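User: I have a model open on my screen and would like to learn how to read its features one at a time. Could you walk me through it?

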Amino acid sequence: MMNVINEMNSGRIYSLVDPAIISSVSTASLRIRVRDPGKIGLDWPCKPRAKPCAYSDITFDLPDYNTSCEQNLVDWSMRGQIALSFGQDIIIWQSKDDITMAFNIQSPRSLSYSPSGELLAIGCKCINFPALELWDVARTDDFSILSGKVFHIKYGDVLCIEWDISGTQLVCGTRFGTIYVLTVPELKTIRKLQKHQLPITMIRFSPTMRYLATGDAEGNIVIYNWNMCTEYLSLKSRRKLNAVFDWHPWTGVDLAISEDVPASIVLLHVPSKKIVAYYQQSGKQFAINSISFSKITGELLVSTSSQDGALCNDYKVLVMSSLDRIVDILRIPDGGARFLTWSPDGTRVATTGSDETLTMWKFCPTRCPNYFKRLNGPKETSTIENKYGN
């Protein structure tokens with residue numbers, strides 16, 4: 001671990017990389033790293049676990065699917081359900097009853113549970129048109145389609161979905177850059193935003209609902225004032241690479257942004273439009289696939305992949321209390337961890353990669369059972385009849 005820490009220290013730099021905010025940031029502001037007086041020297045408020053000991057809890061092996069799971073095709077509900085798709089069926093695992101169901105859906109592209117866990121929104125196709133379906137999953141023995149919406153083919157597939165905290169509105173991003181704000185459950189269009197021209201890959205509300213951040217396939221990010229739904233800040237990527245980001249769960253105004261190659265992480269204080277910390281890894285053989293804050297500890301989980309001289313892949317999730325402090329490392333099997341999904345209570349995190357597995361990790365454990373669960377048997381295959389027209 002010390003070698004990794006030393007490597008990051010030697011490569012850490014403070015400089016501005018984004019012309020969209022360079023005019024609003026002074027050199028001195030780059031040294032402002034502490035906003036929590038009780039945690040001197042940290043880049044963000046954080047209370048690391050006293051004894052970091054994250055371990056893999058359950059692994060689901062799904063060998064029937066010859067593809068990887070994409071970032072917006074897995075979610076964990078408040079009611080204990082996990083929904084995921086490998087681009088074909090949608091698989092729902094109900095943890096309380098230990099039941100796994102597979103639903104035949106045409107071209108699923110995204111899915112997301114409502115804050116209550118009673119509804120599941122799915123971006124898919126209806127015939128050849130992009131569509132959004134809203135499922136009622138409150139009753140574990142009787143799922144149904146509550147409503148649906150078909151989009152014009154010119155907007156492309158619904159690639160990502162985000163709920164507001166009340167569960168009364170949905171924000172959807174499409175393949176050709178359009179963002180829809182819809183009512184629930186009617187799925188009526190309230191607003192239509194066109195600040196992007198490329199596929200929307202990520203949508204995230206800040207914890208207080210003050211801001212909405214959207215990202216596209218070239219790493220461009222737009223931040224909106226949500227109450228007025230007006231553009232507040234636009235970040236243009238120089239590298240034209242996909243970027244991932246996450247809001248700090250306690251402050252609600254600090255946005256961590258990462259690009260994959262060369263690996264870099266920027267911490268942006270959104271109200272002041274200032275970069276307060278920046279790190280870039282030297283070389284192109286080290287990539288960042290995903291980042292996510294723990295809402296319990298404030299630690300930042302960074303999913304990475306790298307290659308050695310023999311071109312052997314090394315996958316790990318770095319748990320960081322600051323950009324120069326690694327407090328734990330999650331070792332990932334050969335399939336890697338393409339992204340991270342938290343359980344609603346924040347005690348577990350799920351990773352998935354290209355090896356057709358979904359692994360759940362106990363991040364804040366109380367006891368340490370160690371078992372491995374494989375779902376190789378026949379799955380219950382179910383269908384739900386569409387209840388909305390074209």
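Analyst: We will go through sheets, a pocket, some backbone features and a few contacts.

Analyst: First, the ground rules. This is a predicted model, so local features need pLDDT of at least 70 and side-chain atom pairs count only at pLDDT 80 or more, while totals for chains, interfaces and linings use all residues. Residues are numbered from 1 along each chain as its sequence is written, and side-chain values use heavy atoms, with hydrogens and water left out.

User: Let's begin with sheets. In what order do the strands β10, β11, β12 and β13 lie?

Analyst: The general idea is this: strands of a sheet pair through backbone hydrogen bonds, either parallel or antiparallel. Here, helices (H or I, at least four residues) and strands (E, at least two) are DSSP runs numbered from the N terminus, and two strands pair if DSSP finds at least two bridges between them. In this case four strands make an open sheet, ordered β10-β11-β12-β13, with antiparallel pairing. β10 and β13 are the edge strands, each pairing on one side only. From one strand to the next, the twist averages 20°; for such angles, axes are lines fitted to C-alpha atoms, for helices over the stretch in contact, and angles run from 0 to 180 degrees between N-to-C directions.

User: How many bridges join β10 and β11?

Analyst: Five bridges, in the antiparallel sense, with β11 covering residues 169–174. To see one of them, find I161: its bridge partner in β11 is C172.

User: Now pockets. How much space lies in the largest pocket?

Analyst: Rolling a probe the size of a water molecule over the atoms shows where empty space is left. On a 1 Å grid over the protein atoms alone, a pocket is an open set of points with protein on both sides within 12 Å along at least five of seven lines, whereas a cavity is a set where a 1.4 Å probe fits but cannot get out; lining residues have an atom within 4 Å of a point. Grid points are joined across faces, edges and corners, and a volume is the space filled by probe spheres set on the points. The largest pocket here holds about 1,300 Å³. It is lined by 41 residues, and D75, E162, R204, D246 and W342 are the closest to its centre. Elements giving two or more residues to this lining include β2 (74–76), β10 (158–163) and β26 (339–342).

User: Where should I look for backbone features?

Analyst: Start in the loop between β12 (179–183) and β13 (189–193), where P185 lies. A cis peptide bond, with omega about 10°, joins V184 and P185. L187 sits in this loop between β12 and β13 too, and its phi is near 60°, a positive value in a residue other than glycine.

User: Is L187 buried or exposed?

Analyst: Buried means under 20% relative accessible area, exposed over 50%, and partly exposed in between (1.4 Å probe, protein chains only). L187 has a relative accessible area of 2%, so L187 is buried. I127, in the loop between β7 (119–126) and β8 (129–136), also has a positive phi, about 60°, although it is not a glycine. At 48% relative accessibility, I127 counts as partly exposed.

User: Which residue is 8.6 Å from L42, C-alpha to C-alpha?

Analyst: That is D324, which is 282 residues from L42 along the chain. L42 belongs to the loop between α1 (2–11) and β1 (55–61) and is buried at 6% relative accessibility. For contrast, look at K96 in the loop between β4 (90–94) and β5 (99–103): K96 is exposed, at 72%.
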